[in-house]
Amino acid sequence: MTRKIAEVASKVGVSEATVSRVLNSKPGVSAATRQAVLTALDVLGYERPTKLRGARARLVGMVLPELQNPIFPALAEAVGGALVQLGFTPVMCTRTVGGLTEAEYATMLVDQQVSGVVFCGGLTEKEHEQLLSRRVPVVMLNAANSYPGFPRVSTDDIAAVQMAYRHLTSLGHRRIGLLVGPEGHEPSHRKVAAFRELTARSEGAVSGLISHAMFSFEGGHAAATDLIEAGATGLICGSDVLALGVTRAARRVGKRVPEDVSVVGFDDSAFMNYADPPLTTLRQPIESMARAAVTLLVNQIGSRTTTTAPKELLHEPELVVRGSTGPAPVAPDSGTVR
């Protein structure tokens, strides 16, 4: 108990005597300080005294699959800022090698009596059922899978592929490939479906130039090599990180970007304007998506129900044209576009 009081006092910046008064429900402590002490207990993983467990903490969990992909820190910053403005304390939970999984974080957050959770990754069926049965307010933000019963905020993947495809075809490309995340990843599945429909409708288009990879630089590098060797002159990628891997793969096989291979990313992550060449990409509307996710979550918290409408809010991306896309290459001695 002494150690707990000392840690909480250090976290909040108050005396141990003040923490003791809060834990024992003694008077003489301001409401703001009392709330800060209770929040510190939750953040540090200590159980509240039984008599102080009546209401859920004003904590909101943010569960992210990783931080190496720049889009996830950007989402965390935007969502966290919106939560703080409304008086909530965001608690970021990130999956790491050898650490907790998203499902384990879900259990921990429920045990801490959080007000709600924003998920940017995935869940197991067991944890999905647990969150539903415990009536925890949840919003899925660009989630890896669809989870019945939870509202979703997503980028419109179909619109994104259509924008990228039309941009490349306007530059004369007909051999266009698609490189997305693992099979079973819902946003990637949507992109593949949209891409297949476009190639089926486009005269002269080559179908079947589709590859799946892990969302990493190395994944993009490995998967892109096969697409480039199959003759793809334009590649649409499911993330900027994959697109950077594609650029490296093209150079490794003696191709130039964009003279021989045009590359389109997805996210418009930090510093893509400074890539070599600067990356053409689909910009996700991070701020508006974050506000929508927080609004949906707070509405659930306020109404004490986990159901809300609409079931999914789709946000249209913006095509940002930079130096990684250019006219389709012309076949040697033919004068025709390859």
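**Entry 1: overall build.** First a reminder to myself that this is a predicted model. I looked up the secondary structure and got eleven helices and twelve strands. The chain has 338 residues, and 51% of them count as buried. Along the principal axes, the C-alpha atoms fill a box of roughly 90 × 35 × 30 Å.

**Entry 2: the largest pocket.** I asked for its volume and got about 790 Å³. The lining comes to 42 residues, and the closest to the pocket centre are Pro65, Glu66, Phe72, His185 and Phe215. Which elements give two or more residues to this lining? I noted α4 (71-85), β5, α8 (186-201), α9 and β9. Of the elements, α8 gives the most, with four residues. I then sorted the lining by residue class: 16 nonpolar, 16 polar and ten charged.

**Entry 3: helix α10.** I checked the length of α10, residues 240-252, against its ends. With 13 residues at 1.5 Å a residue, the helix should span 18 Å, and the end C-alpha atoms are 19 Å apart, so the two agree. At the N-terminal end I found a cap: a side-chain oxygen of serine 239 lies 3.4 Å from the backbone nitrogen of valine 241. Just after the helix, glycine 254 has a positive phi of about 85 degrees.

Which residues of α10 are buried? My list reads Asp240, Val241, Leu242, Ala243, Gly245, Val246, Thr247, Ala249 and Ala250.

**Entry 4: cis peptides.** I went through the omega values next. The bond between valine 257 and proline 258 is cis, with omega about 10 degrees. Proline 258 sits in the loop that runs from α10 to β9. A cis bond also links aspartate 276 to proline 277, with omega near -5 degrees. I placed proline 277 in the loop between β9 and β10.

Entry 5: Serine 25 came up here, at a phi of about 55 degrees. I located serine 25 in the loop between α2 (16-23) and α3 (31-44). Is serine 25 buried or partly exposed? Its relative accessible area is 39%, so I put it down as partly exposed.

Asparagine 142 also has a positive phi without being a glycine, near 50 degrees. This asparagine belongs to the loop between β4 (138-141) and β5 (152-155). Why do I call asparagine 142 buried? Because its relative accessibility is 19%, and the cut-off for buried is under 20%.

I then looked at what surrounds asparagine 142. Leaving out residues up to four places away in sequence, it touches Cys120, Val153, Ser154, Thr155, Gln284 and Met289. With glutamine 284 there is a side-chain to side-chain polar contact of 2.6 Å.

How values were computed
Residues numbered from 1 in each chain as written. Predicted model: local features only at pLDDT ≥ 70, side-chain atom pairs only at ≥ 80, totals over all residues. Heavy atoms only, no water. Buried < 20%, exposed > 50% of the residue type's maximum accessible area, 1.4 Å probe, protein only. Polar contact = N/O pair within 3.5 Å; in protein donor to acceptor, adjacent residues only side chain to side chain. Contact = heavy atoms within 4.5 Å. Expected span 1.5 Å × (residues − 1). 1 Å grid on protein atoms, 1.4 Å probe; cavity = no way out; pocket = protein on both sides within 12 Å on 5 of 7 lines; lining within 4 Å. Points joined across faces, edges and corners; volume = space filled by probe spheres on them. Nonpolar A, V, L, I, M, F, W, Y, C, P; charged D, E, K, R; others polar.
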